[in-house]
Amino acid sequence: MLDKFNPQLNSNGELTHLLSLENLPKEILFQILDTAKSFIEISNRQIKKVPLLRGKSVFNLFFENSTRTRTTFEIAAKRLSADVLNLDIGRSSTSKGETLLDTIDNLCAMHANLFVVRHASSGAPYLIVQHLQQTGRNDIHVVNAGDGRHAHPTQGLLDMYAIRHFKTQQNSDFANLKVAIVGDILHSRVARSDIHALKTLGVTEINAIGPETLLPKYLQEMGVNVFHNMEQGIKDCDVVIMLRLQNERMNGALLPSANEYFRHFGLTPQKLALAKPDAIVMHPGPMNRGIEIHSEVADGNQAVILNQVTFGIAVRMAVMSIVAGN
């Protein structure tokens, strides 16, 4: 039985679906991060598999293109010993007019245990969870791999893992950090998930930096500081999270040009020097070099971008093992 106030939790307050980081208790976030740490160690072994999802079927339903997220979910599920099926959306019955929920019903009939869902429509994973509950399939779990502009919870979690790994000695240290999020926040589900997670974990100084056309109006209501000047916003930050310009989600001309954007909001060595000397640089990928970030920064010692990819496997292993165990 799901908590009617938070459909991600069962009646015991345990995580049974991962749909968003908004309103998730701090204890669950740390449970996922702690579990991921144990899977990092497993990933360094010669034999990387554990039997936690043996006999379970994980269906990757990606209605949007993806490389990193889909691949790391597949690797994560296989390392948990699950049977993994990647649905080819372009050739599936959804391309012939079948509805999303009809597709889910058919896959349930194939004894699916867990759906990993990426969809262009915000709320699609919630709709699936609601449908599963209404049809009495509370033993099937859903993990949101990104829905529209709404949320990308596993990316948010792996970002929190990277921050904890590189910038904290204990969980309470989150409260001492100053974090900058730079770029196209308006269209970014990653930014929303990061902000919710950072606030829950105790970060009080979050700076959103970007042109006025790419910053949503609700940021200050979330307790985020808004800057249109990157030099001011990045000053003395411990963490700099760069975002991709999501041209595919933009309606109309929101920017004068890519060169103009890079001049004002691209992360260069000179701008990074305004942050703390030991600041880390993050990016969810894919990066647009020369538009969002200078190659010297992306390949520099302060960048932890490839570490994020590695951590993503362990975090997704943790999420799937926890939800399937509840």
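**Close-up views of a predicted model**

**View 1. Arg164 and Asp34 meet through their side chains in a salt bridge, 3.0 Å from N to O.** The pair joins distant parts of the chain, with Arg164 in helix α5 and Asp34 in helix α1 (residues 26-43), 130 residues apart. A salt bridge here is a side-chain nitrogen of Lys or Arg within 4 Å of a carboxyl oxygen of Asp or Glu. Arg164 is buried at 12% relative accessibility. Asp34 is partly exposed at 43%. Buried means under 20% relative accessible area, exposed over 50%, and partly exposed in between (1.4 Å probe, protein chains only). This is a predicted model, in which local features need pLDDT of at least 70 and side-chain atom pairs pLDDT 80 or more, while totals for chains, interfaces and linings use all residues. Residues are numbered from 1 along each chain as its sequence is written, and side-chain values use heavy atoms, without hydrogens and water.

**View 2. Asp278 and Lys167 form a salt bridge of 3.2 Å, N to O.** Asp278 sits in the loop between α9 (269-272) and β11 (280-282) and Lys167 in helix α5, so the pair ties together parts 111 residues apart in sequence. Lys167 is buried, at 14% relative accessibility. The structure holds eight salt bridges.

**View 3. Helices α5 (residues 153-167) and α11 (residues 305-325) cross at roughly 115°, their axes coming within 8 Å.** The crossing is right-handed, meaning that the near helix is turned clockwise from the far one by less than a right angle. Axes are lines fitted to C-alpha atoms, for helices over the stretch in contact; angles run from 0 to 180 degrees between N-to-C directions. Helices (H or I, at least four residues) and strands (E, at least two) are DSSP runs numbered from the N terminus. Contact residues include Leu158 and Tyr161 of α5 and Phe311 and Val315 of α11. Contact means heavy atoms within 4.5 Å.

**View 4. Four strands form an open sheet in the order β4-β3-β5-β6, with parallel pairing.** Strands pair if DSSP finds at least two bridges between them. The edge strands β4 (83-86) and β6 (141-147) each pair on one side only. Strand β5 (residues 114-119) pairs with β6 over five bridges. Phe115 stands opposite Val142 in β6. Helix α3 (residues 100-108) packs on the sheet, touching β3 (57-62) and β5, and its direction makes about 160° with that of β5. Helix α4 (residues 124-134) lies across β5 and β6, at about 165° to β6.
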